[in-house]
Each structure stands twice: as structure tokens, then as C-alpha cells.
Amino acid sequence: MNRVSFYLLRFSLILLITALCVGVAAAFVFFDTGFFNQFLPFYKLRPIHVTASIFWILTAAQGGVIYYLNDYYKLEHKQTLLIKASYFLWLLSIILILISFLSGKFGGREYWEFPPILAIPILLSWALFAIHFFKIILKNKGKKPVYIWMWSTGVVFFLLTYIEANLWQIPWFRENVIRDITVQWKANGAIVGSWNQLVYGTAFYLMAKIGEDENSAFNKKSFFFYFLGLTNLIFNWGHHTYNVPAATWVRDVSYVISMTEWILLINIMQNFKSKISEAKKFLNIIPYRFLLASEAWVFLNLILAILMSIPAINIYTHGTHITVAHAMGATIGINTMILFASLFFIFSKRDSNFSLINNKTITIFFWSANIALLFFWAALILAGITKGYYMVSLSQTFETAMQHVKPYLFIFSITGTILAFSLLVLSIVLLRAKIFSNNKA
Amino acid sequence: MKFFRKHFYHFFFSFLFISYISYSLIVYFIGSGKYQKTLNTQALAGQLIWQQNNCQSCHQIYGLGGYMGPDLTNIMSDKNKGELYAKIIIRSGTQKMPKIDLNEEQIDQLIAFLKQVDESGKSGVNPENINYFGNYSLAQNSYE
Ligand code: HEM
């Protein structure tokens, strides 16, 4: 068996737990900043939280992809030197990143605020993973299902976009403020698009397995949506920088492309009926529940994202907690839910008892996580609307706006704590599964 | 034709991939439009200090960053604030903002950076600029 994929999956859960604990602390800093500044200031908490969150997603996705690829091609689950080296570098760089944050060493850009030298082992590790991945893909000829296309795209584009996110280290890129910001957020937007390819590919794979319907992974409609996603990855990052006075067409291109997302929204609405009958059939399967939740969150986040992509609306939402709602709504509601589906799927294959024994716990905390997330998300949106209203419409100062935002941040912190606790319990359930012993289903 | 049909997905992927590379290059080289001013040495040093002290975890430039503190894009040209005010805050911190260990030279570099950021444009967009399509255009400061 390929132990590396299990190591990655377990390590990803540790990262998630870190992100959750630190996220809760960061939320409460808003109420007594002076107190926290003495020992764990926000400028340390935020990067630890965000980095641990992002690496939770990347690591869990990566571990899943390695496992599924072995499964799909019925390979001996052998661990090659390549993938071991990749894992080792990955682990080492993430630990170094967390240590550097704790000791107050920064130097990078938003979301990647660690000293830039650490980008090298990250890239190297990913490159080794990419070689492992393509060695398998290219050896096996024949028509490939859409999820393999999506994973391949994610693997390649993460490499490219992560390099792009580091271009600022070349003075030519950062010496022009407008170019600098535009390129940085082009890269950040596309990186998210890349890991989404890995995660959505995983959702597709799981659905094909659960529904025992391999055809859906080959049909034209699936490929249409895959290409639509890729198009958005390439062109639709401009909503991050609408208010930056770059060339006008940067904004126009992004605005036009982002409106293609209506197709996704309409498609979800059209499929609503068949979703219900599908749900009735599979709801007792735990991974399916998480997949279903992720689809509900796709729907909600898509509405928010489309609205934010309209420049006339963006001027009110930009630079407010609506951005945080957009970011966490998607990373928790969509990515985390799919990755939980994936973890439960793999772990119950390895330890057939664990999901039966824990069925009740999983059900309770599945629901509490999703309900808490709904209020958490809504509180952030209301906080953002309030700030936008006071600052853009009424031209009030930041202090005044924040006074009015505070009550929503309080709801955000409380519901965030419930959410964190629920995800923590689910993570612990997963960590306790006996995935290394051989009681295979 | 049959060959094309058989490999349609590969062709379409290649098309998008080439578009990605081309669009990236276009954005790098002409995406900043008329704005061609470059940061001077002092401001470039200030930019790194901004990153090394993670000012972006609490502050935004053009609305991008963390949300604990205010946007600093136009603090230098703010009639009620400006350079002296910013220096005082950076030097001593406030109840909410931690005091950050910087010497006078580093503070000057930070200020030089913030000044040049300010000259590049305005962070907020006036709702009056919105047009019929829900879009707007922004006046660009053009410099040699
Ligand atoms: C799976 C769980 C989570 C993920 C993947 C996640 C992800 C993220 C991401 C990507 C950001 C950056 C947002 C931006 O730049 O706009 C962020 C910010 C933040 N998150 Fe989370 N998060 C998670 C859970 C939580 C929880 C449970 C809390 C606790 C209440 C929390 C509190 C915060 C805070 C306070 C910020 C900073 C917002 C600011 O700058 O004002 N997060 N998170």
C-alpha cells in the first residue's frame, strides 16, 4: 500500500486542527486587541490560520489524488522514492513555515507570508509530486475520465501559478505598484482555481464511485464544465483588483468572463429535482452527505461570487468582511466538505468499522458544522455590508464603521467557535480510524 | 478531421493553455496601462519592510489585506492625517496596533513606499462613476 497518501491525509488533519484553533483565537482578537498583542498578536495569528487552512486543503487533496490514482489504475500501492521525497520536503517546509510565523519572521505576500526562501522547497516538493503523477498518467493510455483531466490541470497549474505568485521577487515586477498588485492577485486568484481543480476532481471521482456511474465522468457536459472552470481560472481573477487603476480591459475581461458563472448557477437549479431523488437514495452514505453539503455551498457561494464580480456591487463589498465570507465560505463550505467526503471515503475503506461505530457522532457534528457555518457566513456578509454602507455610501471613518460592524463580528466569533468545535470532533474521529491495520472491507 | 475530433479535448486544452501564457504576458507587459512610474530605492526598501513586519495582516492597500485596521492606500494625502501622523503611529503603536520595532531609517523607507502607493491612484471608487453596464472606468495617473 502507498503509505505516503495516508501520511499526507493524517498530516492534513493536523493542519486543519491548527487552523481551527488559531482561527478562533484570531476572531476574538477583534474584541480585545491590546490584550492579545502582548503574546499572540493578530499579525502572527492571521498568517498561521490562513497558511494552515490553505495547506490543509492542498495536503488533503494531494493525499487523496495519490490514493485514487493507485486505485484507478489498480497499481500496486508501492511508494516510490519520488513521492517519499516529495512528502518529506512538504512536511519539512510547512513545519518551517509555522515556526517562522511563531518567531515573527515574515517577508512574503498575502496568503504566503513566510520568508520567501521557503517557496523553494514547496515548489520542489510539488514538482516531485507532479512527476510521480504524470509518470502514472502517461504510462496508461486510453480515454481519460474528466476527473483525471481536472487533477492533471490542478497539478500543472498549481506549479505555474505558485511560481507566478513569487514573481514579485524579481524587481521588475514589484517596482511598478500597479503591475505588482495586478500580477500578485492574478496569481492568487488562479492558485485558488488550481486547487479547486484538484478538489472538484475528487468530488467527481467520489460521485462516480458512490453512484456507480462511470459514464458521467466521460460525457460532454462534464467536460464542458471542466473547460468552463479552466477558463475562469485563466481569466477571472480581476475582481480582486477592480479598484486598482490598471488598464481598463483588465477589469472588462474579468467582468465578462465571470458572467459565464451564471451557466453554472442555472445548471444547478435545473438539476434540483434529480438531486432530491439522488439524495434520497444515498443519504445514508457518509461521504455522500458531505458531497451534498458541498453542493449546497457551491450554490450559495456562487450567488455571492457572481454579485461581487459586478463592478457596481464590488465597490461596496471590496475590502470588507464580505471578502472573508467569500474566502471562508468557499474554503470551508466547498473545499473542506469535499475533502471530508474524501477522507471518510478512504478511511472507511481501510477501517470498515470506524464509520459505523461513529455514525451518530458524525451525523450530529455534520449538522452542527453546517448550521454554524451558515450563521458564520451570514454574519460576515452582514459585517461587510455594514462596513461598505458606512464607508462608501456615508463616507464615514474606519473607526465609526467598525463600531457598527462589531456586533456582527461577535456573532461571527461565537458561531465560528461552534463550527471549529464541530470540525474538530470530525477530525478527531478520522484521526482515530485504524487505517494502518489490515481489517479491509 | 477525424483526428481532430478524436483529440478535441487535447486541442481545446492546448488552446486554453496558450491563451493562459499569452494573457499572462499581456498583463505583465501592458496591464498597468499608462502607469509607468517605478518605486525609487527607498520605497523599494520600504516595500520589503512592509512585508517583513506583516503590516498587510491588519491593513489593506487597494482594499487587499487583513481587515483589523484601516486601508492605508491614501493615508499620505489625507488632509487630516499625512506623513507626520503616520510616523507617530508607526513609532509608538496605538491601543490596537502593536508597537513595531523599527528604526528611523526604516520608518522613512516605509513612508516613502506609502507615498508612492498613494500617488498611484485612489483606493475607493466613487459610485458616480458606475455606468450602464454595472462597470466603471478609472482615471489613470500617467507618469513617465
Ligand atoms: C476549515 C476551516 C477554515 C478555513 C479553510 C479558513 C480559511 C480562511 C481563509 C482562506 C482566510 C483568508 C480570508 C481573506 O483573506 O479574505 C481566513 C481568514 C480568517 N478566518 Fe478562517 N478558515 C477556517 C475556519 C475559521 C474559523 C472556525 C474561525 C473562527 C471564528 C476563523 C476565523 C478567521 C479570521 C478571524 C480570519 C481573518 C479575517 C480578517 O482579516 O479580518 N476561520 N480563513
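Domain bounds here come from an automatic or database domain assignment. The model is predicted: local features need pLDDT of at least 70, side-chain atom pairs count only at pLDDT 80 or more, and totals for chains, interfaces and linings use all residues. Residues are numbered from 1 along each chain as its sequence is written, and side-chain values use heavy atoms, without hydrogens and water.

Q: Which domains does the assignment give for chain A, and what distance separates their centres?
A: The assignment gives domain 1 (1–142) and domain 2 (320–441). Taken over C-alpha atoms, the centres of these domains of chain A are separated by 19 Å.

Q: Which three residues supply 22% of the area that domain 1 of chain A buries against domain 2 of chain A?
A: Buried area is the accessible area (1.4 Å probe) that two parts lose on being put together, summed over both. Between the two domains of chain A it is about 2,600 Å², with 80% from carbon and sulfur atoms. On the side of domain 1, the 22% comes from A:Arg10, A:Leu13 and A:Phe30.

Q: How many salt bridges are counted between domain 1 of chain A and domain 2 of chain A?
A: A salt bridge needs a side-chain nitrogen of Lys or Arg within 4 Å of a carboxyl oxygen of Asp or Glu. Between domain 1 of chain A and domain 2 of chain A, the count is zero.

Notes:
Chains are lettered from A and ligands numbered from 1 in the order in which they are written.
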